[in-house]
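Reader: I am new to this structure and would like to be guided through it by questions. May we begin once it is shown?

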Amino acid sequence: MYEGPVQDLIDELGRLPGIGPKSAQRIAFHLLAAEPADVTRLQEVLQKVKEGVVFCEVCGNVSEETTCRICRDTRRDTTLVCVVEEPKDVLAVERTREFKGRYHVLGGALDPLSGVGPDQLRVRELLARIGQDEITEVIIATDPNTEGEATATYLVRMLRDFPGLTVTRLASGLPMGGDLEFADELTLGRALSGRRAM
């Protein structure tokens, strides 16, 4: 263990997702060796993100304004909503250039073992949106893992009573246990265009 601020920095970096103890140590020593101007720039960017980025009040995506650019885009199909777990999944679907509708970001997936139930997700907002807007199809694009499948099943049960609403799920082709963020554009595009009714 290192002493004082160095160990504190390593500990804090290690709390980030995907950063293990060795990576945290490597990043910490990189920052220690970096020019002060580089560290200041990183600090300013982190501060800007915390102060300037909000979640879109319509879909829950990250945005600099109260409504994200996708929800503001009048060329998007307002009758079609793709439900994803996280903002990073919006980017994954957008990279395919197959989807022309709007999104709804849940903010995670059902995970009872971690204490994440429907009340911790933006399910209520989705139901309200469908009740108010002219949405005719909801594409459930949760990750193909246990939590994503449980979330999809729950959403199908919640959405099946809306009259005239078609609920679809991404077609197979995505590996089970995978993450939309890491799917290549071609595979995700095919899964989107070949979606199946639930």
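Reader: Is F55 buried or exposed?
Author: The model is a predicted one. In it, F55 lies in strand β1, which covers residues 54-55. A residue is called exposed when its relative accessible area is over 50%. F55 has a relative accessibility of 58%, and it therefore counts as exposed.

Reader: Which residues of helix α6 are buried, and why are they said to be on the same side?
Author: Helix α6 spans residues 123-132, and its buried residues are V123, L126, R129 and I130. These residues cover an arc of only 120° around the axis, and they therefore lie on the same side of α6. In general, an α-helix has 3.6 residues a turn, so residues three or four places apart point the same way.

Reader: Which exposed residues does the opposite face of α6 carry?
Author: The buried residues of α6 pack against β3 (77-84), β4 (101-105), β5 (137-140) and α7 (146-159). The face turned away from that buried side carries the exposed residues R124, G131 and Q132.

Reader: Which element gives the most residues to the largest nonpolar core?
Author: This core has 18 residues, and those touching the most other members are V83, I130, V138, I140, L155, L159 and L165. The elements that give two or more residues to the core are β3, α6, β5 and α7. With 5 residues, the element that gives the most is α7.

Reader: Which residues does L159 touch, not counting those up to four places away in sequence?
Author: L159 is among the core residues that touch the most other members. With residues up to four places away in sequence not counted, L159 touches L127, I130, V138, L165 and V167.

Reader: How far apart are the closest N and O atoms of D38 and R41?
Author: Side chains of opposite charge can pair when their charged atoms come close. D38 and R41 are 3 residues apart in helix α3 (residues 36-52), so about one helical turn separates them. D38 is partly exposed, with a relative accessible area of 35%, and R41 is partly exposed as well, at 47%. The two form a salt bridge in which the closest N and O atoms are 2.6 Å apart.

Reader: How many salt bridges does a search of the whole structure find?
Author: One of the salt bridges joins R72 to E65, with the closest N and O atoms 3.4 Å apart. R72 is partly exposed at 41%, and E65 is partly exposed at 44%. For the whole structure, the number of salt bridges found is 8.

Definitions and conventions. Residues numbered from 1 in each chain as written. Predicted model: local features only at pLDDT ≥ 70, side-chain atom pairs only at ≥ 80, totals over all residues. Heavy atoms only, no water. Helix = DSSP H or I, 4+ residues; strand = E, 2+ residues; numbered from the N terminus. Buried < 20%, exposed > 50% of the residue type's maximum accessible area, 1.4 Å probe, protein only. Arc of directions from axis to C-beta. Contact = heavy atoms within 4.5 Å. Core = buried A, V, L, I, M, F, W, Y, C linked by side-chain atoms within 4.5 Å. Salt bridge = Lys/Arg side-chain N within 4 Å of Asp/Glu carboxyl O.
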